[in-house]
Amino acid sequence: MSRIAYVNGAYVPQRDASVNIEDRGYQFGDGIYEVVHIHNGRFIDEKLHLDRLERSLREMALPMPMSRAALRLIIAEMVRRNRITEGLVYMQITRGVARRDHAFPKNPVPPALVMTAKRVQDYPTNVDAWTGTAITHPDLRWDRRDIKTINLLPNCMARQAAREKGAMEAILYDDKGMVTEGAATSFWIVDEHGVIRCPPLGHAILPGCTRAALLAELDGTGLVVEDRAFSLDEMKRAREAFITSATSFVKPIVKIDGVPVADGKVGPVVRQLFEIFARHVSGGLKNAA
Ligand SMILES: Cc1ncc(COP(=O)(O)O)c(C=O)c1O
């Protein structure tokens with residue numbers, strides 16, 4: 001079955017889908033995106049993703065291409081047309097097509113909306129088979145990493161560096177040696193005192209929807225959680241480490257720069273968080289979407 005893409009108002013076979021070469025997304029990376037996970041045909045954390053999409057647009061002075069209700073209808077239609085029960089929907093909104101000029105078009109043009117969808121493997125059930133390794137890498141990005149823009153070159157370079165070293169993810173750090181996030185994931189540790197830590201929100205990191213959903217689930221569990229910055233040195237002393245994202249869910253990181261995290265096995269806290277998030281995704285707990 002051919003995958004179906006949505007391009008500016010039309011559903012087309014993906015192999016025939018194309019955009020104008022003067023689309024500002026193509027020319028300047030002038031656009032934003034979202035990736036959402038579909039599990040059992042359900043859109044996971046829909047509200048968080050659509051809230052973030054609207055926020056990214058606002059921060060870039062880009063209008064919503066349509067109402068949220070209309071956008072939801074298209075997402076649902078993409079899931080239906082691509083017959084997805086377990087998968088990902090990618091959506092991208094750019095400032096549209098205009099004669100090449102760095103400044104925004106004087107006479108605004110309609111934003112361009114493109115969507116693709118793909119099937120992915122079933123949701124993981126065994127956390128011990130869902131581990132990853134990472135390298136550390138300087139964070140070479142700009143100062144507004146909280147906006148989910150399609151400008152991902154530094155992220156791509158960091159992921160490529162990880163791949164070349166046989167690792168899955170790159171953990172990025174700033175010029176003060178503080179950890180920001182993964183190249184395409186939020187990064188967390190269980191520190192040497194057993195505290196679950198993730199860097200605080202701000203301009204330095206993307207506000208991960210999985211991060212937000214997990215934090216909400218942990219509220220009231222008695223687990224000690226702090227959104228407090230940590231350094232590479234603290235990371236090296238961590239008992240456990242893990243990443244979160246709409247594609248990796250809760251994924252233990254068992255080796256960083258070739259060195260095992262603690263004993264190199266999945267730790268008890270991450271094991272518990274993996275289970276909590278699995279229940280979240282299956283519609284239990286606080287995932288009302
Ligand atoms: C840089 C970065 N940080 C964090 C995340 C995790 O965000 P989410 O949990 O919303 O997928 C992503 C996901 O694409 C990302 O690209």
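**View 1. Residues lining the largest cavity of this predicted model.** The residues that line the largest cavity are His37, Ile44, Asp45, His49, Cys209, Thr210, Ser245, Ala246, Phe249, Phe277 and Val281. A cavity, on a 1 Å grid over the protein atoms alone, is a set of points where a 1.4 Å probe fits but cannot get out, and a lining residue has an atom within 4 Å of a point. H5 and helix H7 (268-281) each give two or more residues to this lining; helices (H or I, at least four residues) and strands (E, at least two) are DSSP runs, numbered from the N terminus. By class, we find six nonpolar, four polar and one charged residues in the lining. Here Ala, Val, Leu, Ile, Met, Phe, Trp, Tyr, Cys and Pro count as nonpolar, Asp, Glu, Lys and Arg as charged, and the others, Gly among them, as polar. The space in the largest cavity comes to about 70 Å³, a volume being the space filled by probe spheres set on the points, which are joined across faces, edges and corners. The whole structure holds three cavities of 30 Å³ or more.

**View 2. The largest pocket, where the ligand sits.** A pocket is an open set of grid points with protein on both sides within 12 Å along at least five of seven lines. A molecule sits in one if more than half of its atoms lie within 2 Å of its grid points. The volume of the largest pocket is about 1,100 Å³. Among its 47 lining residues, Tyr33, Lys148, Ala184, Thr185 and Thr247 lie nearest the centre. Helix H4 (residues 153-164) gives the most to this lining, with four residues.

**Notes for all views.** Residues are numbered from 1 along each chain as its sequence is written, and side-chain values use heavy atoms, with hydrogens and water left out. In this predicted model, local features need pLDDT of at least 70 and side-chain atom pairs count only at pLDDT 80 or more, whereas totals for chains, interfaces and linings use all residues.
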